[in-house]
Amino acid sequence: QSLSLLLAGASGCLRKMDSKEDAAQLKLGEEFKDARALWNAEVAIILENVMEKGGSKLKNLAMVEDTLAYVTTFKNFRNKTDVREARKFASEELKKGVIESFEMAVINNCGILNEEEAMELIPTLNDKFQNREGELQNFLDQLTERFSES
């Protein structure tokens, strides 16, 4: 079931973008209004569970295996405990309105470590942190402290 949801979300991304949608402005469309953006480590956990529960019988096994290999390579958290702790921290920051779920996922999945890189790659952070020097870097430092060792 989780795999179906994951694939359904991915297929929605392939349709033509509405003119009102613009990821650079966090206008992701109605399908993503209440969606929680997943981290590579979370996708790895989901796919590992799918494979443990008979994934070898899937029609799209090669795609699942390739995706699992990718997210395993690029995940920042190596186990469920580390993911849980990092998500707890992220939830607190999301509640404060410091950052959005999509921004958090980009930071995490791209392994962004410094403020300058974050502002360059995620344009919506520029307005949020424009006159708040060091606050974004502090946030990034706190998140990366939770990264698992490879």
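Which residues have the most contacts inside the largest nonpolar core? In this predicted model, they are Trp-39, Phe-77, Ile-107, Leu-125, Leu-136, Phe-139 and Leu-143, within a core of 26 residues. A nonpolar core is here a set of buried Ala, Val, Leu, Ile, Met, Phe, Trp, Tyr and Cys residues joined through side-chain atoms within 4.5 Å. Two or more residues are given to this core by each of helix 2 (40-52), helix 4, helix 5, helix 6 and helix 8. Apart from this core lies another, of six residues, among them Val-43, Ala-44, Leu-47 and Val-71.

Residues are numbered from 1 along each chain as its sequence is written. Because the model is predicted, local features need pLDDT of at least 70 and side-chain atom pairs count only at pLDDT 80 or more, while totals for chains, interfaces and linings use all residues; side-chain values use heavy atoms, with hydrogens and water left out.

Helices (H or I, at least four residues) and strands (E, at least two) are DSSP runs numbered from the N terminus. Of the 150 residues in the chain, 33% are buried, where buried means under 20% relative accessible area, exposed over 50%, and partly exposed in between (1.4 Å probe, protein chains only). The accessible surface amounts to about 9700 Å², with 50% belonging to carbon and sulfur atoms; areas come from the Shrake-Rupley method with a 1.4 Å probe, and for residues only the protein chains shown count as cover. Among contacts (heavy atoms within 4.5 Å) with a separation of 6 or more, 66% are between residues 24 or more positions apart.

Helix 5 (residues 101-110) is largely enclosed by the rest of the structure, because seven of its 10 residues are buried. These are Ser-101, Glu-103, Met-104, Ala-105, Val-106, Ile-107 and Asn-108. The buried residues of helix 5 pack against helix 4 (80-96), helix 7 (124-128) and helix 8 (135-144). Helix 5 is followed by Gly-111, which has a positive phi near 65°. Two of the buried residues of helix 5, Met-104 and Ala-105, are also among the contacts of Trp-39.

Seven salt bridges are found in the whole structure, a salt bridge being a side-chain nitrogen of Lys or Arg within 4 Å of a carboxyl oxygen of Asp or Glu. One of them joins the side chains of Glu-42 and Arg-87 at 2.8 Å, N to O. Glu-42 lies in helix 2 and Arg-87 in helix 4, so this pair ties together parts that are 45 residues apart in sequence. Glu-42 is buried at 7% relative accessibility, as is Arg-87 at 9%. Another salt bridge, of 2.6 Å from N to O, is formed by Glu-103 and Lys-128. This pair links distant parts of the chain, with Glu-103 in helix 5 and Lys-128 in helix 7, 25 residues apart. Glu-103 is buried, with a relative accessible area of 0%, whereas Lys-128 is partly exposed at 22%. Shared partners join Arg-36, Glu-42 and Arg-87 into one salt-bridge network.

Within helix 4, Lys-96 and Glu-93 are three residues apart, about one helical turn, and their side chains meet in a salt bridge of 3.1 Å, N to O. Lys-96 is exposed at 59% relative accessibility, while Glu-93 is buried at 8%. By contrast, Glu-115, in helix 6 (residues 115-121), is buried yet has no salt bridge. The nearest side chain of opposite charge, Arg-132, is 8.8 Å away; Lys and Arg count as positive and Asp and Glu as negative, with His and the chain ends not counted.

Three aromatic pairs are found in the whole structure. The rings of Tyr-70 and Phe-74 have centres 4.8 Å apart and planes at 45°, so the pair is tilted. Rings of Phe, Tyr and Trp (its six-membered ring) pair if their centres lie within 6.5 Å, and planes under 30 degrees apart count as stacked, over 60 as edge-to-face and the rest as tilted. Tyr-70 is partly exposed at 48% relative accessibility, and Phe-74 is partly exposed at 43%. Phe-89 and Phe-139 form a stacked pair, 5.6 Å centre to centre with 25° between the planes. Phe-89 lies in helix 4 and Phe-139 in helix 8, so the pair ties together parts that are 50 residues apart in sequence.

Notes:
Lists of a residue's contacts leave out its neighbours within four places in sequence.
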